[in-house]
Amino acid sequence: MKAKDYYYREARRLGYKSRASFKLLQINERFYLLKRGYRVLDLGAAPGGWSQLSLELVGAEGLVVAVDIKPVKIKGVVFIRKNVFDEDIVAQLTNYAPFNVVLSDMSPNISGVSSWDHARSLELAERALDIAIQVLKEGGHFLTKIFQGDMERDFRRKCEKYFELVKAHKPKASLPQSAEIYFVCKRFKSLRTP
Ligand SMILES: C[S@@+](CC[C@H](N)C(=O)[O-])C[C@H]1O[C@@H](n2cnc3c(N)ncnc32)[C@H](O)[C@@H]1O
């Protein structure tokens with residue numbers, strides 16, 4: 001609870017839309033995913049903490065495209081209000097591709113039944129991976145959240161087909177009691193060499 005209060009207060013103080021910004025900040029400090037001038041796709045972006053931080057890090061020469069079924073209002077961020085399972089989403093994203101980085105902090109509505117939440121979060125992470133491999137630049141990076149569970153290893157193997165480096169990581173700002181964990185996937189090998 002203490003950690004939650006601290007990051008929540010910090011987010012308010014610094015004008016971030018959510019405390020989630022600190023998770024991305026800590027992941028980025030460790031894995032160097034976001035750089036000036038990069039083009040970033042943020043899936044499941046609302047209320048917008050990751051998009052705000054991404055925009056700060058890529059600067060005016062970069063681009064941040066946010067997708068969510070809920071609204072995201074951040075000056076300078078291109079927002080597409082869509083479900084990631086909509087068939088035309090990749091066609092729409094192609095207008096802004098290729099991206100250097102694809103982020104997904106998408107979450108299902110939490111049921112409290114861990115096996116169910118795990119399975120639903122994997123569906124979202126697999127869809128994010130599927131989109132990422134269609135819009136990422138060769139050498140680009142992918143970051144996704146999942147809720148931990150027994151199918152995690154299969155998902156890691158899938159990521160390893162497409163990326164040179166895959167690490168599971170839980171940043172300090174992620175609540176210890178939360179089952180969430182992030183897969184950091186670096187250096188996209190391109191579709192021709194899975
Ligand atoms: C934990 S929040 C993301 C927080 C965000 N990273 C931030 O920094 O503010 C998860 C988001 O995933 C979105 N989401 C879940 N399923 C989705 C789907 N099928 N398509 C698009 N967005 C989805 C939800 O609407 C929600 O806004």
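Which residues are closest to the ligand, and how many surround it? Hi everyone, let's start there. Ala20, Gly44, Ala46, Gly49 and Asp105 are the closest of the 22 residues that surround the ligand; a residue counts as near if its C-beta atom, placed from the backbone, lies within 6 Å. Two or more shell residues come from each of α2 (20–31), α3 (49–58) and β2 (63–68), where helices (H or I, at least four residues) and strands (E, at least two) are DSSP runs numbered from the N terminus.

A word on the model: it is predicted, with local features needing pLDDT of at least 70 and side-chain atom pairs counting only at pLDDT 80 or more, while totals for chains, interfaces and linings use all residues. Residues are numbered from 1 along each chain as its sequence is written.

Now the sheet. Seven strands form an open, mixed sheet in the order β3-β2-β1-β4-β5-β7-β6; strands pair if DSSP finds at least two bridges between them. β5 and β7 (residues 180–188) pair in the antiparallel sense over six bridges, and Ile146 has Ile181 in β7 as its bridge partner.

Finally, helix α5 (residues 114–135). Its 22 residues should span 32 Å at 1.5 Å a residue, and the end C-alpha atoms are 31 Å apart, which agrees; the expected span is 1.5 Å times one less than the number of residues. Buried residues of α5 include Asp117, Ser121 and Leu124, buried meaning 20 or more other C-beta atoms within 10 Å of the residue's own, with C-beta atoms placed from the backbone. Thanks, all!

Methods
A residue is buried if 20 or more other C-beta atoms lie within 10 Å of its own, exposed if 12 or fewer, and partly exposed in between; C-beta atoms are placed from the backbone.
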